[in-house]
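Here is a short briefing for a reader new to this structure. Look at the sequence and the model first, then read the points below.

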Amino acid sequence: MTDTPRIHLGTALRRDADAHAEGTLDHLTYEQGGEEQRLSFAEPAPYEIDVNPLGGGEMYLQGEFSPTLVMECARCLRDVPVPLELRLGTLLRYDPAVTLPHLEEAESGEDVLVFGDPDLDLSAYLAETALLAAPLSVLHAPDCLGLCQVCGHDLNEGPCEHSARVPVEEIDDLLGIPEGTVHAKQNPFAGLRDLKLPGDDE
């Protein structure tokens, strides 16, 4: 298992030779907004990458990456493993003035991964690819009952002592966003509609 997904491109830059890298990862560490971020996986995530030179310091990266992300259930917050099968493909451009690899838009409108160190760290690229492919929202089970919004009890494990009832949330098929999170209490006036008061028959 490798700590950092790296591919060595020195020979590719000097001799227009192909480059290859493969391994497995249990996490990715990358920088975002000036802070170090960590993306952990439920099981070792295999990757395999090939880079083919195109000339003039440009190359094409392609390969596969199969991480299993750990996300929270949108209703009860349990951990949910989310396996992904990702096909990789992006242009690369070598620029010795660049300190950190980053994506930028080329004139053609395609994203280009620009790098300055021939020992290319792909952590940020793989992390961004995985996060963009992940669903916005997941459920640990289709009939998940969620949490009591009074005490936080997991209703999948049985009812709590409150008279309040939490409606099962619906998941928007287009956006993947849980709806119906309002905590609906029992109506204290239920049953009074049929009660006759003095003078009602007059």
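**Briefing: charges, rings and backbone**

Aspartate 18 lies in the loop between helix H1 (10–15) and strand S2 (19–32). Helices (H or I, at least four residues) and strands (E, at least two) are DSSP runs, numbered from the N terminus. This is a predicted model, in which local features need pLDDT of at least 70, side-chain atom pairs count only at pLDDT 80 or more, and totals for chains, interfaces and linings use all residues. Residues are numbered from 1 along each chain as its sequence is written, and side-chain values use heavy atoms, with hydrogens and water left out.

- Aspartate 18 counts as exposed, because its relative accessibility is 57%. Buried means under 20% relative accessible area, exposed over 50%, and partly exposed in between (1.4 Å probe, protein chains only).
- Asp18, Glu22, Glu48 and Asp50 gather in a patch of negative charge on the surface. Patch residues have over 30% relative accessible area and no salt bridge; like charges are joined within 9 Å, and nonpolar side chains (Val, Leu, Ile, Met, Phe, Trp, Tyr) within 5 Å. Asp and Glu count as negative, Lys and Arg as positive; His and the chain ends are not counted.
- Aspartate 16 is also placed in the loop between H1 and S2. Aspartate 16 has a positive phi of about 55°, although it is not a glycine. Its relative accessible area is 52%, so aspartate 16 is exposed.

**Aromatic pairs**

- How many aromatic pairs does a search of the whole structure find? There are two. Rings of Phe, Tyr and Trp (its six-membered ring) pair if their centres lie within 6.5 Å; planes under 30 degrees apart count as stacked, over 60 as edge-to-face and the rest as tilted.
- Phenylalanine 41 and phenylalanine 65 form an edge-to-face pair, because their ring centres are 6.0 Å apart and their planes stand at 75°. This pair links distant parts of the chain, 24 residues apart: phenylalanine 41 is in strand S3 (residues 35–55) and phenylalanine 65 in strand S4 (residues 58–65). Both phenylalanine 41 and phenylalanine 65 are buried.
- Tyrosine 94 and phenylalanine 115 form a tilted pair, because their ring centres are 5.6 Å apart and their planes stand at 50°. Tyrosine 94 in strand S7 (residues 86–94) and phenylalanine 115 in strand S9 (residues 111–115) are 21 residues apart.
- Tyrosine 94 counts as partly exposed at 29% relative accessibility, whereas phenylalanine 115 counts as buried at 0%.

**Salt bridges**

- The structure holds four salt bridges. Each is a side-chain nitrogen of Lys or Arg within 4 Å of a carboxyl oxygen of Asp or Glu.
- One of them joins the side chains of arginine 6 and aspartate 119 (3.7 Å, N to O). Arginine 6 lies in strand S1 (residues 6–8) and aspartate 119 in strand S10 (residues 119–121), so the pair ties together parts 113 residues apart in sequence.
- Aspartate 154 and arginine 78 also meet in a salt bridge (3.0 Å, N to O). Aspartate 154 is buried at 11% relative accessibility, whereas arginine 78 is partly exposed at 32% relative accessible area.
- Arginine 93 forms a salt bridge with glutamate 104, with the closest N and O atoms 2.4 Å apart. Arginine 93 is in strand S7 and glutamate 104 in strand S8 (residues 102–105).

Terms used. Areas by Shrake-Rupley, 256 points an atom, 1.4 Å probe, with all protein chains shown as cover. Charge placed at Lys NZ, Arg CZ, Asp CG, Glu CD.
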